[in-house]
Amino acid sequence: MSNFAQVANFNGQIPRIDPDDAAMLLIDHQSGLFQTVKDMPMTELRSNAITLAKVAALAKMPVITTASVPQGPNGPLIPEIHEAAPHARYVARKGEINAWDNPEFVAAVEATGRKTLIIAGTITSVCMAFPSISAVNAGYRVFAVIDASGTYSKMAQEITLARVVQAGVVPMDTAAVCSEVQRTWNRPDAAEWAAAYSHVFPHYQLLIESYGKAQQVVRDNEVLDSQR
């Protein structure tokens with residue numbers, strides 16, 4: 001128990017994501033498995049998983065994907081993940097339910113040289129939880145993205161959260177991952193990060209549009225309708 005506590009506390013360091021030490025593991029985001037998700041809207045889950053891939057690409061973070069028997073009823077990986085992160089590496093499994101039980105998957109993680117893992121998977125209680133717990137045991141710092149995973153009931157989600165936290169996994173949501181990896185708006189690609197946020201918060205796009213228009217009015221000395 002003390003060992004797990006040290007992992008969860010990051011051995012006295014601030015338990016936050018260092019983008020230069022992190023790898024993104026997107027596990028079993030498959031069209032068939034998505035149909036079992038009942039704890040959140042499937043469209044939000046899909047959008048959040050894609051956003052994680054986009055953020056990883058912006059941060060030049062390694063991405064590893066894998067699927068559970070994609071030629072069967074679990075269905076193929078949603079294509080947008082590899083479209084958003086063309087550098088992502090796909091690892092085929094030989095039927096292992098826990099991706100960490102596949103030697104090629106573990107080897108791919110080790111090859112990144114990163115010791116912090118951001119993990120999301122469908123379904124939460126299996127595809128996300130099993131490798132997250134295994135990775136903690138293997139000495140990794142693990143952040144589990146709950147709203148980029150999904151499971152068959154709210155109860156299953158809550159039970160899984162309790163289990164992974166006891167094992168030393170740090171739960172997060174997609175927006176928090178975006179912010180922690182981004183670190184600052186004072187960067188040349190800030191607009192691309194803002195676009196990524198708009199997929200997590202669709203209403204944020206309205207703020208972007210309103211702000212953009214206000215800037216345009218000032219820049220172009222546009223005459224207000226009320227003054228015409």
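Predicted model: local features only at pLDDT ≥ 70, side-chain atom pairs only at ≥ 80, totals over all residues.
Two residues are in contact here when heavy atoms of theirs lie within 4.5 Å.

C127 sits in helix 6. Setting aside residues up to four places away in sequence, C127 touches I27, D28, G121 and T122. Its relative accessibility is 7%, and because buried means under 20%, C127 counts as buried. A99 is 28 residues away from C127 in sequence, yet the two C-alpha atoms are 7.3 Å apart in space.

G121 brings us to a serine. S149 is found in the loop between strand 5 and helix 7 (154-166), and its side chain reaches the backbone nitrogen of G121 at 3.0 Å. With a relative accessibility of 0%, S149 counts as buried. Beyond its neighbours within four places in sequence, S149 is in contact with M40, L45, A120, G121, T122, T124 and M128.

L45 in turn belongs to the buried residues of helix 3, which also include N48, I50, L52, V55 and L58. How far apart are the end C-alpha atoms of helix 3? They are 24 Å apart, and this agrees with the 24 Å that 17 residues should span at 1.5 Å a residue. After the helix comes K60, with a positive phi near 55°.

Now to the interior. In soluble globular proteins, nonpolar side chains tend to be buried together. In this model the largest nonpolar core has 37 residues, and I118 and V181 have the most contacts inside it. Several elements supply at least two residues each to this core, among them strand 1 (22-27), helix 3, strand 4 (116-121), helix 8 (174-182) and helix 9 (190-200). Helix 3 gives the most, with eight residues.

W100 leads on to the aromatic rings. A pair of aromatic rings is described by the distance of the centres and the angle of the planes. The count of such pairs in the model comes to four. For W100 and Y140, the ring centres are 5.6 Å apart and the planes stand at 75°, so this pair is edge-to-face. The pair links distant parts of the chain, 40 residues apart: W100 is in the loop between strand 3 (89-92) and helix 5 (103-112), while Y140 is in the loop between helix 6 (124-137) and strand 5. Both W100 and Y140 are buried.

W185 lies in the loop between helix 8 and helix 9, and Y197 is in helix 9, so the pair ties together parts twelve residues apart in sequence.

W100, F105 and Y140 form one aromatic cluster, and K115 lies over the face of Y140, at 4.0 Å from the ring centre.

How values were computed. Residues numbered from 1 in each chain as written. Heavy atoms only, no water. Helix = DSSP H or I, 4+ residues; strand = E, 2+ residues; numbered from the N terminus. Expected span 1.5 Å × (residues − 1). Buried < 20%, exposed > 50% of the residue type's maximum accessible area, 1.4 Å probe, protein only. Core = buried A, V, L, I, M, F, W, Y, C linked by side-chain atoms within 4.5 Å. Phe/Tyr/Trp six-rings, centres within 6.5 Å; stacked < 30°, edge-to-face > 60°. Lys NZ or Arg CZ within 6 Å of the ring centre and 35° of its normal. Polar contact = N/O pair within 3.5 Å; in protein donor to acceptor, adjacent residues only side chain to side chain.
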